[in-house]
Amino acid sequence: MDLVTIHTTIFMFQYHHNLLPKAFDNLFLCISPKQNYNTRLASKSTYYIDPVRTNYGKFNLHFSCPSVWNNLIEKLKKWQFCVYLGKQ
């Protein structure tokens, strides 16, 4: 993992657990179950990834942050130590 990926992961952890200021509340769209049953993506607390056509778009926050978050294993998404990392 490089430094950018680590900071992106910490940012998404804070976003997912509502630890960021209110200005970030609607930045990403979480995949939630629309039916009465849980789907695989909805149960993994994943976010929609905006489609991109250029290399510039791949470095945009709307693409890069959900991509990094969706590729994490579930244990890291729920790990409480990241809260302490973000507050420093």
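Biologist: Why does Asn18 count as exposed?

Modeller: Asn18 has 63% relative accessibility. Exposed means over 50% relative accessible area, buried means under 20%, and partly exposed lies in between (1.4 Å probe, protein chains only). Asn18 therefore counts as exposed. This is a predicted model, in which local features need pLDDT of at least 70 and side-chain atom pairs count only at pLDDT 80 or more, while totals for chains, interfaces and linings use all residues. Residues are numbered from 1 along each chain as its sequence is written, and side-chain values use heavy atoms, with hydrogens and water left out.

Biologist: Where is Asn18 found, and what is its phi?

Modeller: Asn18 is found in the loop between helix 1 (3–16) and helix 2 (40–43). Its phi is near 55°, a positive value in a residue other than glycine.

Biologist: How do you know what span is expected of helix 1?

Modeller: Helices (H or I, at least four residues) and strands (E, at least two) are DSSP runs, numbered from the N terminus. The expected span of a helix is 1.5 Å times one less than its number of residues. Helix 1 has 14 residues, and its reach of 20 Å from first C-alpha to last is close to the 20 Å expected.

Biologist: What makes the rings of Tyr15 and Phe28 a pair, and of which kind?

Modeller: Rings of Phe, Tyr and Trp (its six-membered ring) pair if their centres lie within 6.5 Å; planes under 30 degrees apart count as stacked, over 60 as edge-to-face and the rest as tilted. The count by this rule is five aromatic pairs. In the pair of Tyr15 and Phe28, the centres are 5.0 Å apart and the planes stand at 90°, so the pair is edge-to-face. Tyr15 lies in helix 1 and Phe28 in the loop between helix 1 and helix 2, so the pair ties together parts that are 13 residues apart in sequence. Ring pairs also link Phe11, Tyr15, Phe24, Phe28 and Tyr47 into a cluster.

Biologist: Are Tyr15 and Phe28 buried or exposed?

Modeller: Tyr15 is buried because its relative accessible area is 8%, and Phe28 counts as buried at 9%.

Biologist: Which residues make up the largest nonpolar core?

Modeller: A nonpolar core is a set of buried Ala, Val, Leu, Ile, Met, Phe, Trp, Tyr and Cys residues joined through side-chain atoms within 4.5 Å. The largest has 10 residues in all: Phe11, Met12, Phe13, Tyr15, Leu20, Phe28, Tyr47, Cys65, Trp69 and Leu72. Helix 1 and helix 4 each supply at least two residues of this core, and helix 1 gives the most, with four.

Biologist: Why does Ser67 count as buried?

Modeller: Ser67 has 15% relative accessibility, and therefore counts as buried. Its place is in helix 4 (residues 61–70).

Biologist: How far does the backbone oxygen of Phe63 lie from a polar atom of the side chain of Ser67?

Modeller: The distance is 2.7 Å between the backbone oxygen of Phe63 and that side-chain atom of Ser67.

Biologist: Why is Ile49 called partly exposed, and which residues does Ile49 touch?

Modeller: Ile49 has a relative accessible area of 37%, and is therefore partly exposed. Ile49 lies in the loop between helix 2 and helix 3 (55–58). Contact means heavy atoms within 4.5 Å; not counting residues up to four places away in sequence, Ile49 touches Phe63, Pro66, Ser67 and Asn70.

Terms used
Polar contact = N/O pair within 3.5 Å; in protein donor to acceptor, adjacent residues only side chain to side chain.
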